[in-house]
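Colleague: I have some questions about how you label things here. Can we go through them with the model open?

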Amino acid sequence: MNFETTTPLLTAEEIGDSHMMTSVDTPVRQDAFERSDEEKIERIAGLFRGIMEELGLNLDDDSLNGTPYRVAKMYIKELFDGLDPKNKPKLSTFDNKYGYRKMLVEKDIRVSSACEHHFLPIVGRAHIAYIAESKVIGLSKINRIVEYYSHRPQVQERLTLQIYHALRSALGTDSIIVVIDAEHLCVSARGVKDENSRTTTLEYGGAFAKEDYRKEFFDIIK
């Protein structure tokens, strides 16, 4: 006798409660960049207008009638411009001619992102260190790579890994550590509404697999 098994369909509530990260890569469609920024802004503005109307807002009001466009432009040009590969910063590196072999630490790098589950802000700081081998990188490039990957819908674990892998590729070394400490408004402003909660994630490799190197790093960023 043959028995057919079927996977039960998930309800909207169950789908909404699923917070699994499926890949280190941000999940984007293959056709994500076929439309121009201007076309996307126009389409998003129309969609957001519909959301505002469903909320019962009067879009004829002077204070509200420009909001759909402002939100759409903010999404494409600011908050989520890190989705588009053309905006990825060029990570200029230089030969380590002066032979610096100790830890280089850049701390308190601003993180301003958005939770991909609720599209609410993730706000915090990143602390990054690397031990140079043959290459060094301009300091501002570290900030820019944090900004680039932050400017997309994110989960903090993925953001941490993306920054680590980008720097590892540019510098040609595994001896990198990335720590992010952030507040998630999806925790502090909704749901459990825990205003004191913060989330810390880290990724490291190479020399930082050794406890004494990590201890030196954490002593520096205290």
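Colleague: In which strand is Cys115 found?

Modeller: Cys115 is found in strand β2. Bear in mind that this is a predicted model.

Colleague: Why is Cys115 called buried?

Modeller: Its relative accessible area is 4%. Buried means under 20%. Cys115 therefore counts as buried.

Colleague: And what makes Cys186 buried?

Modeller: The cut-off is again under 20%. Cys186 has 11% relative accessibility, so Cys186 is buried. Cys186 lies in helix α6, residues 185-188.

Colleague: How do you know what Cys186 is in contact with?

Modeller: Contact means heavy atoms within 4.5 Å. Leaving aside neighbours within four places in sequence, Cys186 is in contact with Cys115, His118 and Leu120. With neighbours left out in that way, Cys115 is in contact with Leu120, Ile122, Gln154 and Cys186.

Colleague: Where does UniProt place the feature "binding site"?

Modeller: At Cys115, His118 and Cys186, according to an unreviewed UniProt entry. These positions are spread over 72 residues of sequence, yet they cluster in space, with a largest C-alpha distance of 7.4 Å.

Colleague: What makes a set of residues a nonpolar core?

Modeller: The residues must be buried, of nonpolar type, and joined through side-chain atoms within 4.5 Å. The largest such core has 28 residues. Ile128, Val146 and Ile163 are among those with the most contacts inside it. Helix α5 gives the most to this core, 7 residues.

Colleague: Which residues does a second core include?

Modeller: The second core is separate and has 9 residues, including Ala129, Ile131, Phe208 and Phe217.

Technical notes:
Residues numbered from 1 in each chain as written. Predicted model: local features only at pLDDT ≥ 70, side-chain atom pairs only at ≥ 80, totals over all residues. Heavy atoms only, no water. Buried < 20%, exposed > 50% of the residue type's maximum accessible area, 1.4 Å probe, protein only. Helix = DSSP H or I, 4+ residues; strand = E, 2+ residues; numbered from the N terminus. UniProt positions renumbered as here; feature names shortened; annotations may be inferred.
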